[in-house]
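Okay, thanks everyone, let's get going. Have a look at the model on the screen while I talk you through the sheet, the cores and a helix pair.

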Amino acid sequence: LAPSDQVTLGYIGAGTQGLREMLPLLHSPEIRIVAVADPSQQATGYRDWSRTGLLDSLRKGLQKPGWRAGTEGVIPGGLDVGKDLVETFYDKKGCCAGYADFREMLEKEKDLDAVKIMTPDHLHAVASIAAMKRRKHVIMHKPIANRLTEAQRVIETCLLYTSPSPRD
């Protein structure tokens, strides 16, 4: 597809579950991940089902058995890993911007069409509201929020920013 026909996506959260869900999006020709945000630059100490399962599945999805060689036994995660996954998949260094703070990503990446939120649950509402206020489409991992009032704010923001503006 031509770049103009692709959804440009900012990815918020590159932990174990975030990386698992990133790979199918990379394989979708309709989507182009252009930025990753995660406050942990080089995360360590992640827990997972096995010490090599996630790394093995990412290598298989990339079709690069040597990806991140020397990190066997370390469960991958964090900004650097997410950014490296995107750039390795697209085989183009520098094609993915990296941010420690998703708010900075939303401020600087003006051409984003959408964001995928894969943060811990307590940040889902905050990140989605910030994105919707910038008129970005949002998809997030469940749940929508940790508190009912947060979920209500997400819904209110969605309704406010998806209603046609007076200029439309």
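First, a definition: when I say buried I mean under 20% relative accessible area, with exposed over 50% and partly exposed in between, using a 1.4 Å probe and protein chains only. What you see is a predicted model, so to speak of local features we need pLDDT of at least 70, side-chain atom pairs count only at pLDDT 80 or more, and totals for chains, interfaces and linings use all residues. Residues are numbered from 1 along each chain as its sequence is written, and side-chain values use heavy atoms, leaving out hydrogens and water.

Helices (H or I, at least four residues) and strands (E, at least two) are DSSP runs, numbered from the N terminus. Let's start with H1. Its buried residues are Thr16, Gly18, Leu19, Met22, Leu23, Leu25 and Leu26. What do they pack against? The partners are E1, E2, H2, H3 and strand E4 (114–117), where contact means heavy atoms within 4.5 Å.

Now the cores. A nonpolar core is a set of buried Ala, Val, Leu, Ile, Met, Phe, Trp, Tyr and Cys residues joined through side-chain atoms within 4.5 Å. The largest one has 26 residues, and Tyr11, Met22, Leu26, Ile33, Val36, Leu85 and Val86 touch the most other members. At least two residues each come from E1 (7–12), H1 (16–26), E2 (31–37), H2 (53–62) and H3 (79–90). Take Leu26: beyond its neighbours within four places in sequence, Leu26 contacts Ile33, Leu85, Val86, Phe89 and Tyr90.

On to the sheet. It's open, with five strands in the order E3-E2-E1-E4-E5 and parallel pairing; two strands pair if DSSP finds at least two bridges between them. E3 (97–99) and E5 (137–140) are the edges, each pairing on one side only. E2 and E3 are joined by three bridges, and Val36 has Gly98 in E3 as its bridge partner.

Last, H5 (residues 124–133) and H6 (residues 148–162): they pack at about 10°, axes 10 Å apart. Axes here are lines fitted to C-alpha atoms, for helices over the stretch in contact, and angles run from 0 to 180 degrees between N-to-C directions. So H5 is roughly parallel to H6, the label for angles under 35 degrees; over 145 is roughly antiparallel, 65 to 115 roughly perpendicular and the rest oblique. On the H5 side, the contact includes Ile129 and Met132, and on the H6 side Val154 and Tyr161 are among the residues.
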